[in-house]
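Biologist: I am new to this structure. Could you take me through the terms used for it, one by one?

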Amino acid sequence: MSNPSPKEQNAAADLQSFRNGEPSLTYTSNHDNDEADESAIIDDDEDEEAHQQEGNTQNQGEQSPVRQQQDTASLDSFSSQPSLFVRFIRSTFGFRKTTLTLAVVLSYLFVILVNAAFEKQSLVIESPEPAILTKAWTDLQVISKDIHPFDSKANDEVHDYILERTRSIAATKPYIEARGDNSTVMFNQPDLFNSSSPTSRIIYFESTNVLVRVKGTDPSLEALLISAHYDSVSTSYGTTDDGMGIASMLGILEHLADKKTERPKRDIIFNFNNHEEIGLLGASVFFEHPWSDKVKYFVNLEGTGTGGRAVLFRATDTGIISHYSNVRSPFANSFLQQAFNGGMIHSETDYRVYAEHGLRGVDIAFYRPRSLYHTRRDSIKGANRESLWHMASNALDLVLDLGYNSIDEDLSPSIFFDVLGQQFVYFSLDNLYILNISLLVLIPVLSIVLLLIVKKRHTWHIYSTRGWLRFPITTVFSITFVTLVGRFFLFHDAMIISRNWFTPLIALTSLFLIVSYIGLNFANWVVPIHDQKLAILLELNSLLWIATLWATVEIKRYSNVGNYAITIYYILASLSSLIGLLALALKPRQRIELPEDLDEEGDNTRGVQQRLKEAALRSFSYDWSIQFLLLVPIWLLVTYSFGGLGLEAINQTIQESNALGEISFKFLGAVAVLLGLSVLPFVHKLNAALTVLLAVTCAISSFATLVGPVFDYQHPLKLRFVQQVTRAGETQVKIFGKHGFIEPVVNDLPSVKQLKRNYTCTELSDGNGQCVYDGQRPWLVDGSEVQNDFENLLTVKVLSDTNTGKTRYVPFDSDLEIKAVQSRHCLLLFNTTTFHSGNGVDKYKNAPVKQVSLYHKLQNNTRPEMKDNFALSFVPSGHSVDENGTDIYRLNQGIDEFLLDKTEWNQDTFHVGIEWLYDWSEESDGDKRDRNLGVTVKCYYGEYDAVSVVDGEAKRKIPALDELLQYAPVDVEISNLDRGLVYLEQYVEL
């Protein structure tokens, strides 16, 4: 007898398994059918193949003896041919390539189109237009008429307008009062963007805030604060940042003053604050006002973009965030809060000040596009009523809910997100922790129980050691390809993501699906298994179990509020896999009668194998549709919602540093992988035509990503400008931005070309660069040309410097007079031979300056003498005011910088006292110069969109900036680099 073929051996093994009461574990391939050749295995879900086999059987003419013998055997579960209707249902809703492919395509289209449709819907203004919106839009037009930074006359005009508007509104109700604030504050502000920085900055600030109080009916309740800032940066009209916040507040105040509106239960205080852009100072000085004593809650309105929807992106706790569920168009995501906390976004808002003072509240802001933020494009031309109404209406709903109701005292951090702008979901982080722990225990237990039932009933024909790990191996390969292509995009031109994140996302997602399709189909061809989708679902579930465990640890250790999506993914994958196991557990066992004349040597086994295969294939199951609907659409919706939001928020941060760009590309790749991951259990059943379409899509998207313009009008390159005027009369312009993109702009300026001015471009750290050239001199004040010379704009005099005969236990002290004409703020930096402000610590553990003073009343231009025996000990730490009204700040760890701000234009002079200690052990060879303190004084000017009358002639204030704005390409926008647009610097040694 000849040796049996491999197929006959498989059939014999099947026969022996059935005779032993075991499930069939072997398989065969049928290449006669068009679609059966891909997975001709015992698979309950392969109904398409079964349907084709039925057709082939019916259309067969003469049958072989084996076929006739097979027909004589009976199958208990198939005594008759299915009806036409049943076959239609099986053909339409069975686990077929066409059905599945259509479902996948529709799922992706559904997510993209539905997100766009609901975003558009959330910006629709009700008809007729609300009266408060009409007035708020007019307010916004007035506020953003001129560029109005803190150090400009236009800033005073905006202040006066807001004060007049609030007073006119307050006059309509006896329980509303409005007033201008003239509080002052001196405080220590750490580095806003680097919490680990040792830099200590002492700030003196005079308030020009406008405050309004709406008194509630219950004075025992703690007050609610609503806040926005009315100053802009020196290069922006401030329409979105933060004119929309101010206009929204005026609209809310109008509503509270309306005769139809009931008086709130708790006090509602409005802080229209100033000087937020250079240090969050308006919010800081608010706590010097007596109204702040009663405030416990806050709503901060901001703008870090130039339109779209206003997102709630930070909240202090669950109790306060719960009230946002009552707004009409919720748009929120705690993922952005985690991005802020993790340094992915380099910005800060007044939220930080209020939260650090122990208040509970939320931060609501516009967030896109970042490249237009702080530029001239943030103007009334680029704004619209829809965006204003989105912020104003949501803020109004939130303020009313907080002002009229009791506030939940749940102080735990919260995760939160909206669902298509229609529903708001929030969850205490403590409860999420408990939920994760429960899921980590419950899901594996349920899965194991169902697997044991399935194994006992022999309804899942799969080896325990064969066919697994195809999902993780394929996923690793797919992620590797996505990473390599993403890195290619990054190295080809890292700035491409700044212009467009959507096309590279499409390219990477398509690539992930293509590689996964090839890998899983190859695995299914080499080692076919029964119900591959369920095997992959279980492996995906195991992977997500590990991810959920990690996210749970992150919650416990770091209060991470951005990883909530992992829990959602785990729930979806768990439900889908449990449905598959449950279907197998409840599936009735089939009795199959086999021919009696078969022996164990493999004779006449072809019919047995076909009979076993048909029995499995005819066992139709539609659990795949439930699994698909539970997993894929919801997974894609969650991923695209937070992924798109995150990419819109961070894609243009690459212009700020290469490190942030690296983070942006990693996040882009992660979103692409997540968009494809949920389809992997089903991907082996996709129609081959779809993979061709995916390949074309990947190619076209990659081509568009690589060859499109890096910047355009809607997504411009942002450069930053500052001009330094030196004592020698030099006027150096410094342009900061991404290295390699600045020089072409500078080289094309008429003044550089015509006057053949030299310029120097250098590469700085983290992919940034700077070009320096001699620019046209600025005209900063009215008067003569001589009055605009350096020595007449800034002078620093040493009033007292008596440091001889000091002992090591007594501080050195000096007094300075700083005269800065028409400048509202000056910065003092300190250095010795071993210490330099801003450069960290060298030999000293702390900065040498321990105390700074600002004198408001002087006699004979000198301060009272300090007795040596008092040293520093008689001055308390922190801020204090002496009997002469002198503001004093003492900090034993040392003071790096001293920032001075004032509001009066006619007050040109600061009188400053400085006291420092010297480490005598550092003195070299008795050189007493080592004891000296160097002081650098920098005074700033930020007003440019105006003229100065010089010798009777109107001259633009900063011609160098005018030239740059006029001749820069259309795809370039200019922002400010420093605290002002022009600064004067003088150095003295004490």
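Modeller: Start with pairing: two strands count as paired if DSSP finds at least two bridges between them. Keep in mind that this is a predicted model.

Biologist: What makes strand 5 and strand 7 a pair?

Modeller: Residues 223-229 and residues 295-303 are joined in the parallel sense over five bridges. At least two are needed, so strand 5 and strand 7 pair. Within strand 7, Asn 300 is the bridge partner of Ser 227.

Biologist: Why are strand 1 and strand 8 said to stand at the edges?

Modeller: The open sheet has seven strands in the order 1-4-6-5-7-9-8, with mixed pairing. Strand 1 (176-180) and strand 8 (310-315) each have a single partner strand, so one side of each lacks a neighbour in the sheet. From one strand to the next, the twist averages 20°.

Biologist: What is the reach of helix 21 set against?

Modeller: Residues 623-650 reach 40 Å from first C-alpha to last, close to the 40 Å expected at 1.5 Å a residue. Helix 21 also has a kink of about 25° at Leu 629, shortly before Pro 633.

Biologist: Which residues touch the most other members of the largest nonpolar core?

Modeller: Among them are Phe 721, Phe 830 and Phe 898, in a core of 166 residues. Helix 21 gives the most to this core, with 14 residues.

Technical notes
Residues numbered from 1 in each chain as written. Predicted model: local features only at pLDDT ≥ 70, side-chain atom pairs only at ≥ 80, totals over all residues. Heavy atoms only, no water. Helix = DSSP H or I, 4+ residues; strand = E, 2+ residues; numbered from the N terminus. Axes fitted to C-alpha atoms, helices over the stretch in contact; angles between N-to-C directions. Expected span 1.5 Å × (residues − 1). Bend = angle between axes of the 7 residues up to and from the residue. Core = buried A, V, L, I, M, F, W, Y, C linked by side-chain atoms within 4.5 Å. Buried < 20%, exposed > 50% of the residue type's maximum accessible area, 1.4 Å probe, protein only.
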